[in-house]
Amino acid sequence: LGTDLCDFMHGWLNYQIEHHLWPDLSMLSYQKAAPIMLEICKKHNVPYIKHNVFWRLKKLTDIMVNKASMRKFPVAFEYAPDISEVQH
């Protein structure tokens, strides 16, 4: 999944899934945890998504300049009180 150089250059930010599942895990152990997490995802038919850092940077920039949205689901799926709070 990652190499030592790649992980270092990304500041280990390429292991967000592992970091949020095991926040006390040393970042040096993320390489070992990633294949375990990948197998768990496969077993439960959950996508394990990794994107190129430059793709992510473009996506972030598009969101920041309002060319794209972070919204993954239609507004109709949202919890109504949360929507009204954002619109005010």
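Reply: The charged end of Lys50 sits over the ring of Tyr15, 4.8 Å from its centre. The model is a predicted one, in which local features need pLDDT of at least 70, side-chain atom pairs count only at pLDDT 80 or more, and totals for chains, interfaces and linings use all residues. Residues are numbered from 1 along each chain as its sequence is written, and side-chain values use heavy atoms, with hydrogens and water left out.

Me: What makes the charged end of Lys50 count as sitting over the ring of Tyr15?

Reply: The term requires NZ of Lys or CZ of Arg to be within 6 Å of the ring centre and within 35 degrees of the ring normal; the charged end of Lys50 is 4.8 Å from the centre of the Tyr15 ring and is assigned as sitting over it.

Me: Why is the pair of Phe8 and Trp12 called edge-to-face?

Reply: Rings of Phe, Tyr and Trp (its six-membered ring) pair if their centres lie within 6.5 Å, and planes under 30 degrees apart count as stacked, over 60 as edge-to-face and the rest as tilted. By this rule there are 2 aromatic pairs. In one of them, Phe8 and Trp12 have ring centres 6.1 Å apart and planes at 85°, so the pair is edge-to-face.

Me: Why is the pair of Tyr15 and Tyr30 called tilted?

Reply: Their ring centres are 5.7 Å apart and their planes stand at 40°, so this pair is tilted.

Me: How do you know whether Trp12 is buried or exposed?

Reply: Buried means under 20% relative accessible area, exposed over 50%, and partly exposed in between (1.4 Å probe, protein chains only). Trp12 has 18% relative accessibility and therefore counts as buried, whereas Phe8, at 54%, counts as exposed.
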